[in-house]
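This briefing goes through one structure, topic by topic. Please look over the sequence and the 3D view before reading the points below.

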Amino acid sequence: MEEDEDPGPGDYPWNNPKPRGYGQADAVALFIAAPLLTAAALSLAGVVGGADDEFRWPGPILLILVIAALLLVASIQFNYHGRLYLYSFEDLENWLSPEYVRRDRRNLHEEQERDQRKWKKFNTRAVRCFNAGTLLLGLGIAAALVPPICSRQPEWRWSAAVIVLLCTVVDGVWIVFLQLKVSHRPSRILRRFGIRQDSEQP
């Protein structure tokens, strides 16, 4: 009797992130951008704490910046733990040898499917923390730019504060749009505007 051929490439594809470049993209954001933004938030918090008379709302600004920094640190931790479960078919061949992968392909495929679900869970948490942290950082910068009552050139600081706030709002809209676009649940909002979700790509 002939043995059933194990599943894998050629029979049906191994699990992969959707969009397929999602893993590399969030690594850049969460391993490069997040630490830099964390440093920026903590640096600004130090400035506000050392010169509170130069800011209109030093207490709330400090709170916002500290929460933003903690959320960005949490995004790094979640992403680090999640990427322990993100790997490809080529990775398995490099780590275990092509012969071993072909021989135990069915079990490896099932294990990779479970690991992919774990990666999605931790990656979703990381992305949410990162997005919340960046929005709070933008809000904290805008609040820090609001001039105190005794400011000599308030119009310039008000202009800068409004620009940062508008950019933060745009960033928030863009975040919501991307989350709806890559969501695995059908989005009526996007379909209403004729936009196809990445999870619906063949």
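A residue counts as buried when its relative accessible area is under 20%, as exposed when it is over 50%, and as partly exposed in between. By that rule W174, with a relative accessible area of 48%, is partly exposed. The model is predicted. It has 7 helices and 0 strands, and 32% of its 202 residues count as buried.

**Overall build**

- Read along the sequence, the elements follow the pattern α-α-α-α-α-α-α.
- Among contacts with a separation of 6 or more, 69% are between residues 24 or more positions apart.
- The protein exposes about 12800 Å², and carbon and sulfur atoms supply 61% of that area.

**The largest nonpolar core**

- The largest nonpolar core has 11 residues: A41, A45, V48, F55, I61, L65, A68, A69, L137, A143 and A144.
- Helices α1, α2 (58-82) and α5 are the elements that give two or more residues to this core.
- The most comes from α2, which gives 4 residues.
- A143, one of the core residues, is in contact with W57 and I61 when its neighbours within four places in sequence are left aside.

**A144, a core residue in helix α5**

- A144 is found in helix α5 and belongs to the largest nonpolar core.
- Is A144 buried or exposed? A144 has a relative accessible area of 5%, so it is buried, the limit being under 20%.
- Leaving aside neighbours within four places in sequence, A144 is in contact with L44, F55, I61 and R157.
- A144 and I61 are 83 residues apart along the chain, and their C-alpha atoms are separated by 6.5 Å.

**N131 in helix α5**

- N131 is also found in helix α5.
- The relative accessibility of N131 is 12%, so N131 counts as buried.
- Apart from neighbours within four places in sequence, N131 is in contact with I175 and Q179.

**L165 in helix α6**

- L165 is found in helix α6.
- Its relative accessibility is 39%, so L165 counts as partly exposed.
- L165 touches L139 and A142, not counting residues up to four places away in sequence.

**The aromatic pair**

- How many aromatic pairs does a search of the whole structure find? The search finds 1 aromatic pair.
- W174 and F177 form this pair, which is stacked, with 5.5 Å centre to centre and 25 degrees between the planes.
- The pair counts as stacked because its planes, at 25 degrees, fall under the limit of 30 degrees.
- W174 and F177 are 3 residues apart in helix α6 (residues 154-182), so about one helical turn separates them.
- F177, at 26% relative accessibility, counts as partly exposed, and W174 is partly exposed at 48%.

**The salt bridge**

- The count of salt bridges comes to 1.
- The side chains of R117 and E113 meet in this salt bridge, at 4.0 Å from N to O.
- R117 and E113 are 4 residues apart in helix α5 (residues 105-145), so they are separated by about one helical turn.
- E113 has a relative accessible area of 35%, so it is partly exposed.

**A nonpolar patch on the surface**

- V28, F31, I32, L36, Y80 and L84 form a nonpolar patch on the surface.
- Together these residues have about 620 Å² of accessible area.
- Which helix gives the largest share of the nonpolar patch? Helix α1 (residues 22-50) does, with 4 residues.
- V28, one of the patch residues, lies in helix α1.
- V28 has a relative accessibility of 47% and so counts as partly exposed. Patches are made of residues with over 30% relative accessible area, so V28 at 47% passes that limit.

Note on methods:
Residues are numbered from 1 along each chain as its sequence is written. This is a predicted model: local features need pLDDT of at least 70, side-chain atom pairs count only at pLDDT 80 or more; totals for chains, interfaces and linings use all residues. Side-chain values use heavy atoms; hydrogens and water are left out. Patches are made of residues with over 30% relative accessible area and no salt bridge: like charges are joined within 9 Å, nonpolar side chains (Val, Leu, Ile, Met, Phe, Trp, Tyr) within 5 Å. Accessible areas come from the Shrake-Rupley method with a 1.4 Å probe; for residues, only the protein chains shown count as cover. Buried means under 20% relative accessible area, exposed over 50%, partly exposed in between (1.4 Å probe, protein chains only). A nonpolar core is a set of buried Ala, Val, Leu, Ile, Met, Phe, Trp, Tyr and Cys residues joined through side-chain atoms within 4.5 Å. Contact means heavy atoms within 4.5 Å. Rings of Phe, Tyr and Trp (its six-membered ring) pair if their centres lie within 6.5 Å; planes under 30 degrees apart count as stacked, over 60 as edge-to-face and the rest as tilted.
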